[in-house]
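Please walk through the model below, one group of elements after another.

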Amino acid sequence: MTSVTFPADSLHRTRIKICGITRVEDALAAAEAGADAIGLVFYPKSPRCVTLSQAASIARALPPFVSTVALFVNAAQDTVRDVIDAVRPAMLQFHGDETPAACALAGHPYLRAARMRPGLDLLDFKARYADAKALLLDAYVEAYGGGGEVFDWSLIPKSANFPIVLSGGLHASNVGRAIAQVRPWAVDVSSGVELAKGVKDASAIRSFVAAVRDADAAAQG
């Protein structure tokens, strides 16, 4: 796979995904702030879970060139297919215990979440999910999802030469440090831009996007 390691003087623009969107107005706020993608959660135990009708309304409201990502946790294939048919997401995100075969079965581009903790061989994990467009790295907590926790970024191997979407406890105050250390392809934020679970703060979204852009500018010298 082509390396995606970016030198300090690279013109790389870190992509931004705002996850856990439940309202049209929040999706539009993310788009207007400069986000590249929004995440729609289809995990019934999540307070950010959306129905097919909600998700379809949000997707229809988005302006051009803002992508939708549909997040699942151990969902039945019929559920995944229903979401693809109703929402037409650009990407799927598997955040549970899905096998490589289960991820590939939908026949749709996908991200695979890796729950980061000592002992996880990330290079082997990526080799097993070779079809994944990227790995989304999140904190390991007992429940699925990162729980808004930051993991130890030094756990990411320096030799990782595949696209990384960095997640886990990011917000406007720490995303610059994260980008400087990890140089990910993209960053993913949910609770770090919220007023309440599933209710986004437009001002916090703008601050997060600005912090990402500042970090990119600093990396370019």
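**Helix packing and the barrel**

Helix H1 (residues 24-33) packs against H2 at an angle of about 35 degrees, and their axes are 9 Å apart. Helices (H or I, at least four residues) and strands (E, at least two) are DSSP runs, numbered from the N terminus. Axes are lines fitted to C-alpha atoms, for helices over the stretch in contact, and angles run from 0 to 180 degrees between N-to-C directions. This is a predicted model, in which local features need pLDDT of at least 70 and side-chain atom pairs count only at pLDDT 80 or more, while totals for chains, interfaces and linings use all residues. Residues are numbered from 1 along each chain as its sequence is written, and side-chain values use heavy atoms, with hydrogens and water left out.

H1 and H2 cross in a right-handed sense; a crossing is left-handed if the near helix is turned anticlockwise from the far one by less than a right angle, and right-handed if clockwise. Val24, Ala27 and Leu28 of H1 make the contact with Ser57, Ile58 and Ala61 of H2, where contact means heavy atoms within 4.5 Å. By class, five of these residues are nonpolar, one is polar and none is charged. Here Ala, Val, Leu, Ile, Met, Phe, Trp, Tyr, Cys and Pro count as nonpolar, Asp, Glu, Lys and Arg as charged, and the others, Gly among them, as polar.

Helix H2 (residues 52-61) also packs with helix H3 (residues 77-87), at an angle of about 35 degrees and with the axes 9 Å apart. The crossing of H2 and H3 is right-handed. H2 contributes Leu52, Ala55, Ala56 and Ala59 to the contact, and H3 contributes Asp82, Val83, Ala86 and Val87. Seven of the residues in the contact of H2 with H3 are nonpolar, none is polar and one is charged.

Ala55 of helix H2 counts as buried because its relative accessibility is 0%; buried means under 20% relative accessible area, exposed over 50%, and partly exposed in between (1.4 Å probe, protein chains only). Leaving out residues up to four places away in sequence, Ala55 touches Leu40, Phe42, Val50 and Val87.

The strands come next. Eight of them close into a barrel in the order E1-E2-E3-E4-E5-E6-E7-E8, with parallel pairing. From one strand to the next, the twist averages 30 degrees. Two strands pair if DSSP finds at least two bridges between them. Strand E2 (residues 37-41) and strand E3 (residues 67-72) run parallel and are joined by five bridges. Ile38 has Thr68 as its bridge partner in E3. H3 lies across E2, E3 and strand E4 (91-94), and runs at about 165 degrees to E3.

Asn74, in the loop between E3 and H3, has a phi near 55 degrees, a positive value. Asn74 is partly exposed, because its relative accessible area is 38%. Arg88, in the loop between H3 and E4, also has a positive phi, near 55 degrees. Arg88 is exposed, with a relative accessible area of 60%.

Glu98 sits in the loop between E4 and helix H4 (100-105). At 7% relative accessibility, Glu98 is buried. Its contacts, not counting residues up to four places away in sequence, are Phe72, Val73, Asn74, Ala75, Cys103, Arg112 and Tyr129.

Charged pairs remain. Side chains of opposite charge can pair when their charged atoms come close. The whole structure holds 11 salt bridges, a salt bridge being a side-chain nitrogen of Lys or Arg within 4 Å of a carboxyl oxygen of Asp or Glu. Asp26 and Arg23 form one of them (2.9 Å, N to O). Asp26 is buried, with a relative accessible area of 4%, whereas Arg23 is partly exposed at 29%.

Glu194 meets Arg48 in a salt bridge (2.7 Å, N to O). Glu194 lies in strand E9 (residues 194-196) and Arg48 in the loop between E2 and H2, so this pair ties together parts that are 146 residues apart in sequence. Both Glu194 and Arg48 are buried. Glu194 also forms a salt bridge with Lys200 (2.8 Å, N to O), and Lys200 is buried too. Elsewhere, salt bridges link Arg13, Asp36, Arg213 and Asp216 in a network.
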